[in-house]
Amino acid sequence: MSSSSTPPARGSRLALLVVGLCWLAVLFDGLDMFIYGSVLPHMLEEKALGITSAQAGDLGSYATFGMLVGALTAGTVADRVGRKKLMVSCVALFSLASGFCAVSDGVAVFGLGRTLAGLGLGGLLPTAISMVSDYAPRARAALTIGLLMTAHHAGGILSAYVALWIVEPLGWRAAFWVCVVPLLFVPVLARFLPESLSFLVARGRTEEARALAARYDAELPAAKDRTVAGAPWANLLDLFRGGEWVQTLLYWLASFGGLLLVYGVATWLPTLMRGEGYELGSALTFVVLFNLGGIVGMLVAGRASDRFGAPRISAIWFALTAGGVFLLSVHMPLALTFAVVFLTGVFLNSAQTMIYATVSIGSAPSHRATAVGWTSGMGRFGAVFGPWLGGRLLAADKGDWGFTAFALAGTASTVFIGIAALRTARPERRDGEPRHLVATG
């Protein structure tokens with residue numbers, strides 16, 4: 001049998017192109033997101049911009065507030081104007097905003113820069129997930145999304161080395177100048193990233209979709225899910241139609257606890273560990289291990305979710321995360337602490353991503369960005385609260401309680417995603433299409 005007759009080969013070149021470009025975009029997203037937490041110990045030590053521990057927590061929340069707004073608006077905008085345009089705009093925005101941070105002369109200006117960066121960061125991630133989900137093989141959808149999210153943690157690892165190799169000799173501003181470099185990737189993304197075939201078909205741009213499919217020998221999606229023009233909020237309202245409002249709220253609540261945990265730990269891990277007596281180099285090693293664990297966890301969770309279901313895996317992972325985070329509040333030998341940080345990274349990061357995978361896989365193409373964007377956006381309230389909470393506890397000299405608070409958030413997400421997993425364990429529809437895990441109309 002010739003290779004051309006093998007169905008899985010169709011569109012593989014296009015899928016590889018999309019995943020590769022989105023992976024690089026998310027890598028830069030991760031670098032920009034984690035850079036603040038990586039340089040924060042140095043900024044606090046030298047009292048850069050005159051910031052205190054409490055102000056540092058507020059600054060961390062400014063970026064996540066921007067991400068909240070970006071995620072909430074990005075899904076609706078992407079489902080209206082296209083995934084590609086929004087991705088290009090988001091990379092340009094957070095790159096330029098990092099330059100704004102680099103030249104800031106006070107806490108207010110720096111905070112504005114981080115808020116603007118958050119708008120781009122928050123908009124990029126759900127849009128990239130939606131784009132990759134459009135092209136992923138159905139049987140490997142969760143694994144493909146997990147592969148994409150390894151880039152986010154590769155960016156976190158890169159941020160630790162930027163802090164280690166650049167901040168000491170050149171100062172904290174140099175780290176933010178490094179985060180401007182992704183601006184050079186914008187024209188590459190604009191030139192080579194194709195638009196989503198499903199989006200083009202859903203919007204009635206069939207000739208454009210047909211030409212793109214022919215160029216890469218890809219299968220053209222069926223034109224059965226067209227969005228009604230002039231109804232920008234219809235996609236959001238569809239998430240609450242029928243009895244699906246319960247499922248939607250469960251995923252939003254689980255995402256709230258998950259992102260509180262993710263961004264609380266990401267922002268304060270180096271600082272809290274340094275408060276335990278570790279040197280800056282050792283504290284940054286925790287960042288590297290945490291994100292290495294994230295990369296491993298994405299691949300393991302993605303494969304397991306494709307087999308057993310993303311909601312179920314997410315619930316188990318959150319329970320294991322809560323235990324790992326709580327252990328970090330206990331003084332342990334250094335080697336054991338390294339192991340706990342790594343395993344916590346394995347479970348924490350992929351637990352949250354499998355919420356996105358569940359929503360993305362269960363959403364119709366024309367509504368996918370809205371569903372993922374609002375799940376991410378509502379979770380961003382937790383992302384805002386996490387860094388703020390850590391700063392308040394540290395300022396009150398109760399840093400150990402930070403790990404306990406984050407562990408409780410993980411426990412809450414276990415409960416919410418666990419209930420959602422039970423509600424989605426239902427037979428497939430009689431027409432052969434999987435039941436939507438989040439209502440999409």
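Reply: Start with burial. A residue counts as buried when its relative accessible area is under 20%, and as exposed when that area is over 50%. Keep in mind that this is a predicted model.

Me: By that cut-off, is W172 buried or exposed?

Reply: Buried. The relative accessible area of W172 is 5%, and buried means under 20%. F176 is buried too, with a value of 0%.

Me: Where do W172 and F176 lie?

Reply: Both are in helix 6, residues 172-178. They sit four residues apart, about one turn of the helix. Here is the general idea. An α-helix has 3.6 residues a turn, so residues three or four places apart point the same way.

Me: How do I describe a pair of aromatic rings?

Reply: Two numbers do it: the distance of the centres and the angle of the planes. Pairing needs centres within 6.5 Å. Planes under 30 degrees apart are stacked, those over 60 are edge-to-face, and the rest are tilted.

Me: How many aromatic pairs does that rule give?

Reply: The count comes to seven aromatic pairs. Take Y36 and F110. Their ring centres are 6.1 Å apart and their planes meet at 45°, so this pair is tilted.

Me: Which parts of the chain does the Y36 and F110 pair tie together?

Reply: Y36 belongs to helix 1 (residues 12-45) and F110 to helix 4, so the pair ties together parts 74 residues apart in sequence. Y36 is buried at 3% relative accessibility. F110 is buried at 0%.

Me: What kind of pair do W172 and F176 make?

Reply: Edge-to-face. The centres of the W172 and F176 rings are 6.0 Å apart and the planes are at 85°, so the pair falls in that class. Y36, F110, W172 and F176 form one aromatic cluster.

Me: How do I check the span of helix 4?

Reply: Compare the end-to-end C-alpha distance with the span expected at 1.5 Å a residue. Helix 4 covers residues 107-135, which is 29 residues. From first C-alpha to last it reaches 42 Å, close to the expected 42 Å.

Me: How many cavities of 30 Å³ or more turn up?

Reply: A search of the whole structure finds four. The largest cavity holds about 100 Å³ of space. Its lining has 13 residues, and M149, H152, L259, V262 and Q352 lie nearest its centre. Helix 5 (141-170), helix 11 (244-275) and helix 14 (334-361) each give two or more residues to that lining.

Me: What else can I read in helix 14?

Reply: Look at V359, which lies in helix 14. V359 is buried at 0% relative accessible area.

Notes
Residues are numbered from 1 along each chain as its sequence is written. This is a predicted model: local features need pLDDT of at least 70, side-chain atom pairs count only at pLDDT 80 or more; totals for chains, interfaces and linings use all residues. Side-chain values use heavy atoms; hydrogens and water are left out. On a 1 Å grid over the protein atoms alone, a cavity is a set of points where a 1.4 Å probe fits but cannot get out, and a pocket is an open set with protein on both sides within 12 Å along at least five of seven lines; lining residues have an atom within 4 Å of a point. Grid points are joined across faces, edges and corners, and a volume is the space filled by probe spheres set on the points. Buried means under 20% relative accessible area, exposed over 50%, partly exposed in between (1.4 Å probe, protein chains only). The expected span of a helix is 1.5 Å times one less than its number of residues.
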